[in-house]
Amino acid sequence: MTTQTLKNWDISNLGDAVDIIDGDRGKNYPKQDEFLDSGYCLFLNTKNVPSNSFSFGEKMFITKEKDSALRKGKLTRGDFVLTTRGTVGNFAYFSDKVPFENIRINSGMVILRPKKDGRVFSGFFKFYLGSPLFRDQVKSRSSGSAQPQLPIRDLSTFEIEIPELGIQKRVADVLSTYDDLIENNTRRIQILEQIAQATYTEWFVNFRFPGHEKVKMIDSGTDFGKIPEGWEIKKIKDFGSVITGKTPSKSDPSNFGSDIPFIKTPDLHGKIFCIETSESLSVKGANTQKNKTLPPKTLVVSCIGTLGVVGITSSEAQTNQQINAVILADQKYLEYLYFVLVNLKQELKNLGANGATMGNVNKDKFENIKMLFPSQKVISEYHSTVGLNFDGILNLQMQNKNLRQTRDLFLPKLITGEINI
C-alpha cells in the first residue's frame with residue numbers, strides 16, 4: 001500500500017447512490033397489542049440495531065396478514081438498515097447470514113438499498129457507513145436533543161466518495177480481513193457462552209450436578225419446591241452489596257470526560273462483559289459520587305425501562321440510575337449469578353409492572369428477589385468448570401475491541417483514497 005490522495009473519485013449525494021426507503025407510518029402501522037413473541041415477520045426496532053450489526057436478544061413479530069397490509073419498509077437481502085430517530089446512525093447489513101427471511105423496519109429507521117446501476121459495492125458501502133465521513137455528517141445533521149432524528153431529506157444530501165468498482169472491492173477486501181477475525185472470535189464467544197449456559201441448566205435447573213446421585217431432594221417449603229439437601233433459598237443481597245447507579249450533574253460538563261466508563265443499558269446489549277461505553281465520566285465527575293464506583297467483575301442489571309439486561313464490568317466503572325449492580329462478596333458466585341440474573345427477565349418484568357409505561361424495579365425490590373443458593377462445594381466446582389470460559393470470553397472481547405480499533409485507523413484513509421491499494 002502506498003499513501004497518496006486520489007483525485008479521480010466521484011463525489012455524489014447519498015440519495016443518488018442508494019435508494020432510501022422509509023418504514024410504513026400509515027393507519028396499518030402495528031399497534032402495541034399486535035406484536036407477538038413469534039410469528040411470520042420480524043418487526044425491527046432500534047434495540048435490534050445497537051451498534052453496527054443486528055442484535056436479536058429481544059424480538060417482536062407480526063402476522064402474515066399484518067405484514068401484507070403494510071405498504072413499505074420490507075427488507076430484501078443486501079439492504080442496509082439505518083437508525084434515524086432516538087439513537088441515530090447505527091446500521092446493520094441484511095446479509096444471507098441473518099437468520100430471518102421476512103423483516104420490516106419501524107418508523108425510527110430507514111432502509112438503504114444500493115441502486116441497481118452497480119456504482120456502489122455493498123462491501124464498500126458497509127465501511128462507508130462506519131467511516132468518519134458518514135459519522136460526522138450524521139452528527140452535524142441530526143436535530144433535536146430529547147429525541148434526536150435525521151430526516152430523509154437531509155440524509156439524501158450526505159456526501160459519498162465513490163471510487164471505481166475494482167478499488168471499492170479491494171478496499172472492502174482489506175477491511176473485511178479484520179471483520180472476518182472479529183466474526184471468528186464472536187463465534188468462539190458464543191460457543192464458550194453456550195457451554196457455560198448448558199452446564200448451568202444441567203446443574204442448577206435439572207439438578208444433575210456432580211455427585212447428585214448421593215444427594216437427597218428435600219421440600220424447600222417455598223415456590224422452589226424440592227431442592228437438593230444442603231442448598232438454601234436466599235436473596236440477591238445475600239450475594240453481596242447492591243448499588244443503584246446515579247448520573248452526575250449534567251449542568252457541569254467537566255463531570256464528563258474519558259476516565260471512568262459510565263454504563264447505560266444500551267452498553268450491555270449483546271455481550272457478557274461491558275468493555276466499551278458510549279459515555280464516560282471524568283475523575284472529577286466520578287468523585288462526586290464515589291460510593292457509586294464499581295470494581296471489575298461486578299454484575300449489572302437494567303431495572304428501569306428495558307428490564308433484565310445483564311452484564312459484567314471489565315474495569316472500574318459507574319452506572320446510571322437505570323441499573324442495579326451487585327458487588328459480589330465472593331467471586332466464585334460470578335458465573336452462577338450471571339445466569340440466574342439472565343433468567344430473571346420475566347420476574348423483573350412482573351415486579352416492574354406498575355401501570356406506568358416504563359417498568360421500574362427499585363433497589364429494595366431487586367435485592368430482595370429470592371433465588372437458589374447452592375452448596376459451597378457445587379458452586380466452587382461450577383466456578384472452576386466455567387470460570388475459564390468467562391475468562392476466555394473477556395479475552396476474545398478485548399481482542400475484538402483491538403481489531404476494531406486497528407481497522408478503524410485504516411478505514412478513513414482507505415475509504416477516502418488517502419491510502420492507495
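Helix α11 bends by about 40 degrees at V386. In this predicted model, α11 covers residues 376–415, and its 40 residues reach 55 Å from the first C-alpha to the last, close to the 58 Å expected at 1.5 Å a residue. After the helix comes G417, whose phi is positive, near 85 degrees.

Let's turn to another glycine. G78 sits in the loop between α2 (64–69) and β6 (80–85). Is G78 buried or exposed? Its relative accessible area is 17%, under the 20% cut-off, so G78 counts as buried. Once neighbours within four places in sequence are set aside, G78 has contacts with Y93, F94, P114 and S122. G225 lies 147 residues from G78 in sequence, and their C-alpha atoms are 51 Å apart in space.

Three strands form an open sheet with mixed pairing, in the order β5-β4-β8. β5 and β8 stand at the edges with a single partner strand each, so one side of each has no neighbour in the sheet. β4 and β5 run antiparallel and are joined by 2 bridges; L42 has F61 in β5 as its bridge partner.

| Strand | Residues |
|---|---|
| β4 | 41–44 |
| β5 | 61–62 |
| β8 | 103–105 |

Finally, a word on confidence. The protein has a mean pLDDT of 92, and 97% of its residues reach 70 or more. Over residues 1–7, pLDDT stays under 50, and the model has 18 contacts beyond four places in sequence for this stretch. Where pLDDT is low, predicted coordinates should not be read in detail.

Definitions and conventions
Residues are numbered from 1 along each chain as its sequence is written. This is a predicted model: local features need pLDDT of at least 70, side-chain atom pairs count only at pLDDT 80 or more; totals for chains, interfaces and linings use all residues. Side-chain values use heavy atoms; hydrogens and water are left out. Helices (H or I, at least four residues) and strands (E, at least two) are DSSP runs, numbered from the N terminus. The expected span of a helix is 1.5 Å times one less than its number of residues. The bend at a residue is the angle between axes fitted to the seven residues ending there and the seven starting there. Buried means under 20% relative accessible area, exposed over 50%, partly exposed in between (1.4 Å probe, protein chains only). Contact means heavy atoms within 4.5 Å. pLDDT is the predictor's confidence in each residue, from 0 to 100. Two strands pair if DSSP finds at least two bridges between them.
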